[in-house]
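My entries follow the structure.

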Amino acid sequence: MIPAVYRLLGLRYVLQRWDRAALIIASISLGVATLVSARILNQCVEVAAQDTTTPAGSADLYVTNGEAGVYRSLTEEMRAANIPGVRAVQPVVYDRVSLPQLDQRVAVLLGAEVSGQILSRDNPLKMKVELLREAPLFQLAPLIGAISEGDFSKASEAWDRIPGRLVLVTRPIYDDWKARVGPGKPLVLQYAGRAVDCLPIGVVQFDADSPLAPLGGNFIGMEVNQASRILRPIPPFGAVLGGPAEVTAAAAWDRTHPMKVNRLDLFLEPGTDKEVARQAAAAVIGFRAEIRTPEAQRRSTQEIVSGLQIGFLVCSAGAMIVGLFLVYNALAVTVAERRPDIGILRSLGATRFQIVALFATAAGVLGLVGAALGVPLGVMLAEVTLGQFEDELKSMFLNPAVNPTRLTWTNALLAMAAGLFTAVFAALVPATQAAMDDPAHVVRRTTAGSKGLWKLAHQITCVALIGMGIGMILLRHALPPRLGSIGGMMLVLVGLLLAAPLLVGMLVGLFRPLVRAFCGLTIRMAFDNLSRTPGRTGVVIGALGAGVAMMFQTAGVGRSNEEPVVDWISQVVVADQFVFAGNMTSANSSNSPMSDSVAKDLRALPAVERVMTIRYSRPEFNGTVVYLIALDATEYARATRSRVPDGLPDVEKFLDLPGTDDVLVSENFARRHNVNIGDTIQLPGPNGPVSLRVIGTIVDYSWSRGSVFMDRKRYAELFGDNLIDMCHVFVKSNHPTGAKDVEHYASEKGLFVTDRDALRRFLSELISRIYLLAYLQQIVIGVVAALGVVTALLISVLQRKRELGLLLAVGATPGQVLRSVLAEAVLMGLFGTALGILIGLPMEWYVLKVVLVEESGFVFDVVIPWKQALGIATASIGTATLAGLLPAINAVRTRIPEAIQWE
Amino acid sequence: MIELIDAVKSYTQGRRVVNAVRGVTLRVNTGEFVSIMGPSGSGKSTLMHLMGALDTPSGGRAVFHGQDMQMMTDRQRSLLRRERIGFVFQAFNLLPNLTAAENVALPLLLGGQPRRGSLHRATESLERVNMAHRADHFPDEMSGGEMQRVAVARALIAEPEAVLCDEPTGNLDTATSREILTLLAALPEVGKRAVIMVTHDPTAASYGTRLVKIRDGTVEADEPVYRN
């Protein structure tokens, strides 16, 4: 594949210079690894988010009110309307349930109408159903009869009469259940504290392209009405109902609380114009729900996810760019070292293109090897990262299984292409420079006169990149979201990195008089060497500076957030104990709800003074997902004030919420969505938009898109949702058994309980882990930069071979030579750190005052992280010094006669 | 065959402008072995670079078989060097990581010829200089004389019309120098090939058929060499 001449000239040289090749491969592989991990993480998050927003999404249109759900009765209404082009209307209900018999395994319960379509081979869910022989067929006869007659109402009734819910389960659940419980007993699933007996009648298997395939083995299918009654339960909760008793109770409940489903799926006739059908369906539904295309359905979640994705991509792009500069540096030296070879080749008739191709081929091979190593490394990095946040991701998304290791062919090929492109692109500049030299100059080994042009081109590129970046930042409001604010910042950074040789030149010029006046010979020589080749050292200093700048910025943003957020946590997490159904990570989401009877039970305990309940939901607002926090407002205000007499000055505002449609919004909500006190906001409810009046703002850091607070009682009425997610329990201080009573109750009910200190500690650790993730990615950049220091100093030793040889010849001791090279490493570390802090400080300001404000509406004061800066500087200079050791040892081993002859 | 017409070459070295060649007119025909002599810095190497299409004159013309080399593109000049001109340098200029045969085969490989065929022809070329037995050896395994023979084999592999030698014996002892010069002297053929050799050694120059003396970038003398 590679022409013989390039194999002969390029690859053999690479093998001879294996140490430099290894550095290039390491740089590329680290860059590719961060890219791969970012892609996997993004894909993982995107699939999970998509799966959460629209599980089993195979319809052409969706009738939805988000988490609030839509009334089941709309199905019949839409069917009766015979909307042109709409072939079928399918109600769908879904949520997470736990399986107590199977170690509280979490599964997704999905309810759909029982129809021939679902069970047919060409069903839209692309699943195969294998009926179980042990299923009680005699109990199913009326149901099968109704389905074959096409009478779905009769089928639903027949289904209701069957004791125990008939379910389809995936093979892993079935096998687990069969092994632990056995087919003679029911499969019990639990939701909101209520246990429901089910009877598996079949095992489902999904095709690879099934919309249910992302759920993997965690699927339970059920008839929609039955599923709805489990997931939207009829009070009183807690008892295991079933059969005729439940039918009667359900009928009574349905009269006052119409049955809800998550969404209605509309399937269109082939060839139907989607927009026309959408408008026709909207005319039937009116304001009671939205009719959305799959793309629109995805949009709001994508808005949230894209922020995370951009974060990952920026880090991977950063590592790739730093890698690119370092590969450039290493190849620039290779070109310099091989200048005699280039002269020979040019004299033998090699064309300029062949010279460029020679270096590009070698770089390409190294790039491919680096990329091939980077791909598995990236998978590992993704696994480690996801491992760190497994619980949080599980609680964020519907699907409990987040599979981190899914490396697609596209990602693998993209990574290989990125590695190849980076290496070849980095090689192009030095190779083209070499090829542009006049052959006579090369043969004569004199310098060409075209350097001025390259210098000018370099300066123009730096100015253009920085100018473009600043322009994008200034015009960010006219550009697509984040392109200006984040894309612009990246361009400025790349421009500064590229300009590092010039900046280093300036810094060196500034310090030269001081160094000459006060430093010894060793340091002076190292300093002069640094300034003699700013092109070589500047790139590495720039890379080091980029790593330091990003770490400084992260530390600064972290420090600036830390105090206000910790202070806020200490004021809002004031109860003695917290009771919830799932785990600590899912406790502040709607994924593991409880019956509100838990609060009643807790209040009845003698040891308990107060109980404040919370229900979370995530409705859409202004094109994104916001947090709706429904709480016992009076209890919250009184309890918080009793525990924090001087904190939260606005907590009394909560007293105005009960019995009204008034809400409080977080300050970041008001800022981000431009909402003022007195405005009315609309959030989707089960029967269309619910209008809520904003009566105040409060400090809250729960959610980056903003939070809305309302009284839970009114919420339950407006949104038809009586469940709760968490109970804040205030225990009487003088009670002898105190917290133990609460723990005992929770244990009896299979609930979890934690105390205030543990919850605060958990939240602090969660924040630390988020910053750790950011640091981890930046450490990769730091490692790549350290590799750059090794390369730059190896090059320095090569370039100074004659000088070092002369030094040794005139009596310099090996120690002096070692110190001279190490001094250069220390100086590079010092300059890189100084440059990094100089860039990191405005970056911190920009992230806090522009990016964060626009992204989340959160406003924090800029705090300079002095302590962390000291640590980063020590690490940076230490790394540079350590990286200088190998080249320094190389320098000491210089053979004097050979060095003196070196050209 | 190769002609310089009032050729001038200036270049900058650091901040200094060097006028290496100042209006040289010279014609070399096939069958000739031209020795160019002059002291260090006289411009003899630059003159050779102009004749070998390694460089183009700042003024005047450099012509190869009637074609103005200044009018050629860089690629055309590269092809000219690859196919019609061979070079032998003082420092041998063999690539250290290639074997003798691979070094010799380079011009063919650069021309895109298959590796096996190129190496076969390289071995033939090495036989011409009695170096076939060292075909698989690397430069650092050979003596200076052997390396220069390999360089000559490389210069000859494309059957060029001009072989340009820049101080080919500068790094060799007397006996080896004699061998190399004898080898070079046998190369010129009327209608087929000329040899141009830059040297500052009168003994080496005496192997030529014509002697051009250069001083301060101009031709001081151009006379035939009569060998005893």
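I first looked up helix α29 (residues 814–856) of chain A and helix α30 (residues 866–892) of chain A, which pack at an angle of about 150° with their axes 7 Å apart. Axes are lines fitted to C-alpha atoms, for helices over the stretch in contact, and angles run from 0 to 180 degrees between N-to-C directions. That angle makes α29(A) roughly antiparallel to α30(A) (the term applies over 145 degrees). I noted that the contact of α29(A) with α30(A) comprises 19 nonpolar residues, seven polar and one charged (Ala, Val, Leu, Ile, Met, Phe, Trp, Tyr, Cys and Pro count as nonpolar, Asp, Glu, Lys and Arg as charged, and the others, Gly among them, as polar). Helices (H or I, at least four residues) and strands (E, at least two) are DSSP runs, numbered from the N terminus.

This is a predicted model, in which local features need pLDDT of at least 70, side-chain atom pairs count only at pLDDT 80 or more, and totals for chains, interfaces and linings use all residues. Residues are numbered from 1 along each chain as its sequence is written, while chains are lettered from A and ligands numbered from 1 in the order in which they are written.

I then checked confidence: the model scores ipTM 0.84 and pTM 0.71. Chain B has a mean pLDDT of 88, with 98% of its residues at 70 or more (pLDDT is the predictor's confidence in each residue, from 0 to 100).

Finally, I examined the interface, where 24 residues of chain B are in contact with 22 residues of chain A (C-beta atoms, placed from the backbone, within 7 Å). On the side of chain B that touches chain A, α2(B) gives the most, with seven residues.

Definitions and conventions:
Angles under 35 degrees count as roughly parallel, over 145 as roughly antiparallel, 65 to 115 as roughly perpendicular and the rest as oblique. Two residues are in contact if their C-beta atoms, placed from the backbone, lie within 7 Å.
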